[in-house]
Amino acid sequence: MEDRKKVVLTGMQPTGLLHLGNFLGAANNWQKMLDRYACYFFIPNQHAITVPQVPANLRDATLNCVAQYIACGLDPERCTIFVQSHIIGHTELAWILSCLTPLGLLYRMHQFKDKSAKNENIYSGLLYYPILMAADILLYNADLVPTGEDQRQHVELVRDLAEKFNTTYSETFTIPAPLIEKTGARIMSLKSPEHKMSKSDPDSNATIYITDDSKMIQKKIAAAVTDSESSISADPTRPGITNLLNIYCSATGIALAEGKEKFRTYATYAPFKKEVAEVLIGLLEPVQEKYRTIKDDKKYLQSVIQRGAETVQPIANKTIAKVYRKVGFLDR
Ligand code: TYM
């Protein structure tokens with residue numbers, strides 16, 4: 001019988017305040033996993049520099065991301081929180097995996113295609129990004145990688161790379177499984193619901209941030225794009241109302257079918273929107289309260305990531321030593 005707890009590893013880029021997609025698609029699910037799994041939540045700051053960053057802002061955003069993780073319920077007494085660049089091993093393993101990765105696979109990644117279409121200057125780090133992500137996951141032999149839907153393709157690539165390494169050398173890496181919830185995994189923009197909610201949306205009403213107060217949430221939900229019908233339903237031809245229903249179901253933890261049934265008799269959108277906003281306000285209130293109390297306590301936040309680094313560095317060292325031996329590098 002296996003007595004090792006399954007390993008969960010995942011992270012969010014430190015690029016500002018988390019939005020409702022990051023919360024419902026990711027952090028809110030992660031905090032439910034703390035007792036059942038050995039959880040590693042890290043801050044992928046090495047990923048963040050695949051697009052230009054102001055160094056001082058990146059530093060602040062990294063520590064602030066720790067505060068947001070904790071505020072979202074990732075209790076550092078019950079999980080490990082660390083910063084990617086503190087650990088020696090991520091980029092080392094990424095290099096080795098890159099030597100097993102056909103370029104064509106990287107060019108096929110949706111996120112690379114999207115980001116490279118939007119930016120004029122494309123650097124190789126952006127293309128190489130999913131390999132670093134593979135290293136993040138394989139370094140700790142993660143069993144499960146909980147993310148939103150947009151990361152599915154990357155996690156599939158990680159599985160392929162782990163299998164490739166295992167067959168090229170010998171059994172080394174656990175093959176990780178993506179863990180993507182049915183509702184909440186793809187929260188869409190409130191203003192153009194055919195696009196996913198994102199931090200980079202120029203329309204501030206399109207995105208709810210986890211620090212938005214109740215008035216702001218009410219206002220944004222009331223102004224969310226819907227359609228000229230009136231029934232509350234999930235239907236690909238009606239992305240606005242589908243998104244709101246999805247948000248409600250994810251926030252309350254009910255299935256989509258149950259949500260549809262609950263609102264079956266509603267004849268207009270206004271009362272439904274009001275309920276969506278109320279649920280979000282209730283869900284985010286404790287997050288905001290916790291965030292306010294810890295966000296400026298740099299000493300505490302530093303101590304959390306210091307402890308995290310001390311916990312994971314030995315694991316990373318062990319994997320790197322094993323991998324170096326397998327690929328034929330001399331022991332030091
Ligand atoms: P990032 O920082 O873009 O997003 C963090 C998490 O939020 C989820 N997410 C969403 N979920 C639902 N609806 C949305 N609109 C939405 N937007 C974002 C993402 O799916 C993700 O779970 N490459 C990763 C970071 C990373 C990583 C890793 C994750 C680097 N290495 C290893 C897992 C394992 C990223 O850029 O996520």
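In the predicted model, a backbone N or O atom of Gly148 lies 2.8 Å from an oxygen atom of the ligand, a polar contact being a pair of N or O atoms within 3.5 Å. A polar side-chain atom of Asp150 lies 2.4 Å from a ligand oxygen atom, and a polar side-chain atom of Asn22 lies 3.1 Å from an oxygen atom of the ligand. Taken alone, the ligand exposes 720 Å², of which the protein buries 95%; accessible areas come from the Shrake-Rupley method with a 1.4 Å probe.

The ligand is surrounded by 27 residues, and the closest are Tyr129, Asp136, Gly148, Asp150 and Ile187; a residue is counted if one of its heavy atoms lies within 4 Å of the ligand. This shell divides into 11 nonpolar, 12 polar and four charged residues. In this classification Ala, Val, Leu, Ile, Met, Phe, Trp, Tyr, Cys and Pro are nonpolar, Asp, Glu, Lys and Arg are charged, and the others, Gly among them, are polar. Strand E1 (7-11), helix H1 (20-30) and H7 are the elements that give two or more residues to the shell. Helices (H or I, at least four residues) and strands (E, at least two) are DSSP runs, numbered from the N terminus.

The ligand sits in the largest pocket, the criterion being that more than half of its atoms lie within 2 Å of the pocket's grid points. On a 1 Å grid over the protein atoms alone, a pocket is an open set of points with protein on both sides within 12 Å along at least five of seven lines, whereas a cavity is a set where a 1.4 Å probe fits but cannot get out; lining residues have an atom within 4 Å of a point. The largest pocket has a volume of about 1500 Å³, a volume being the space filled by probe spheres set on the points, which are joined across faces, edges and corners. Its lining comprises 47 residues, of which Gln111, Lys115, Asp150, Gln151 and Lys196 lie nearest the centre. By class, 15 of the lining residues are nonpolar, 21 polar and 11 charged. At least two residues of this lining come from each of E1, H1, H6 and H7.

Two cavities of 30 Å³ or more were found in a search of the whole structure. The largest cavity, with a volume of about 60 Å³, is lined by Leu106, Met109, Gln111, Phe112, Lys115, Leu126, Leu127, Tyr129, Pro130 and His154. Helix H6 (110-118) and helix H7 (124-138) each give two or more residues to this lining, and H7 gives the most, with four. Seven of the lining residues are nonpolar, two polar and one charged. The second largest cavity has a volume of about 40 Å³, and its lining consists of Thr50, Val51, Pro52, Asn119, Asn121, Ile122, Tyr123 and Leu126. Five of these residues are nonpolar and three polar, with no charged residues.

Asn141 lies in the loop between H7 and strand E4 (144-146). Phi of Asn141 is near 45 degrees, a positive value in a residue other than glycine.

Residues are numbered from 1 along each chain as its sequence is written, and side-chain values use heavy atoms, with hydrogens and water left out. Local features need pLDDT of at least 70 and side-chain atom pairs count only at pLDDT 80 or more, while totals for chains, interfaces and linings use all residues.

Terms used. A polar contact is a pair of N or O atoms within 3.5 Å; within protein, one must be able to donate a hydrogen and the other to accept it, and residues adjacent in sequence count only if both atoms are side-chain atoms.
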